[in-house]
Amino acid sequence: RVDHTKHHRRQGNEKKKKKHDADELDGPFALAGNLGKIRYQQINDRLGHLTGDRVLVEVASRMRAEVRRSSDIVARMGGDEFLVLLDNVDAGDLRASEVASALLVALQKPIVLDSGESVAVGASIGMASFPRHGRSRDTLLQAADLAMYEVKRSGKNAFAQAVAPAP
């Protein structure tokens with residue numbers, strides 16, 4: 001496995017925890033993304049875990065290139081799940097949709113492997129924001145996950161915003 005993947009995951013988890021502590025939330029917009037387990041699992045099964053890790057590193061690099069502000073965070077949650085936190089972006093802010101669209105375009109481009117073979121990953125993105133969709137890390141992630149699974153049921157390679165809970 002690629003050693004720096006664990007380092008970046010740990011670093012991302014530490015930043016995420018700080019950002020998600022209810023006392024420190026200042027209106028970030030959370031984007032939960034999933035590469036699609038079937039494609040990622042196929043890459044691991046067919047080409048090996050080292051190649052799978054290289055694909056994850058490339059995905060993270062592409063995501064970071066689209067999430068440009070230093071106050072925003074890209075973190076790997078585990079497996080093929082990533083989280084993007086956009087700091088101080090309101091639920092109705094156009095920036096969230098722009099970033100989600102840019103992520104989809106970047107992730108739909110084939111990834112060329114060392115062997116010359118290319119693989120496609122794609123993404124399904126669910127979005128949730130503080131405080132509109134929840135006030136805790138777990139509630140926000142659950143809301144974003146529900147939106148993401150709705151995208152997957154509708155055909156993948158798209159994004160959707162979580163439904164605000166009833167007052």
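Author: Happy to! Strand β6 (residues 124-129) is mostly covered, with six of its six residues buried. Buried means under 20% relative accessible area, with exposed over 50% and partly exposed in between (1.4 Å probe, protein chains only). Strands (E, at least two residues) and helices (H or I, at least four) are DSSP runs, numbered from the N terminus. This is a predicted model: local features need pLDDT of at least 70, side-chain atom pairs count only at pLDDT 80 or more, and totals for chains, interfaces and linings use all residues. Residues are numbered from 1 along each chain as its sequence is written, and side-chain values use heavy atoms, leaving out hydrogens and water.

Reader: Which residues point one way from β6, and which the other?

Author: S124, G126 and A128 point one way, while I125, M127 and S129 point the other way; all are buried. In a regular strand, side chains alternate between the two faces of the sheet.

Reader: Nice. In what sense do β6 and β7 pair?

Author: Parallel, over four bridges, with β7 covering residues 158-161. Pairing requires at least two DSSP bridges between the strands. F159 in β7 is the bridge partner of I125.

Reader: Switching topic: is N44 buried or exposed?

Author: N44 is buried, at a relative accessible area of 7%. N44 sits in helix α2 (residues 37-47).

Reader: And what does N44 touch?

Author: H49 and G52, not counting residues up to four places away in sequence. Contact means heavy atoms within 4.5 Å.

Reader: Last one: how many helices and strands are in the protein?

Author: Five helices and seven strands. Of the 167 residues, 44% count as buried.
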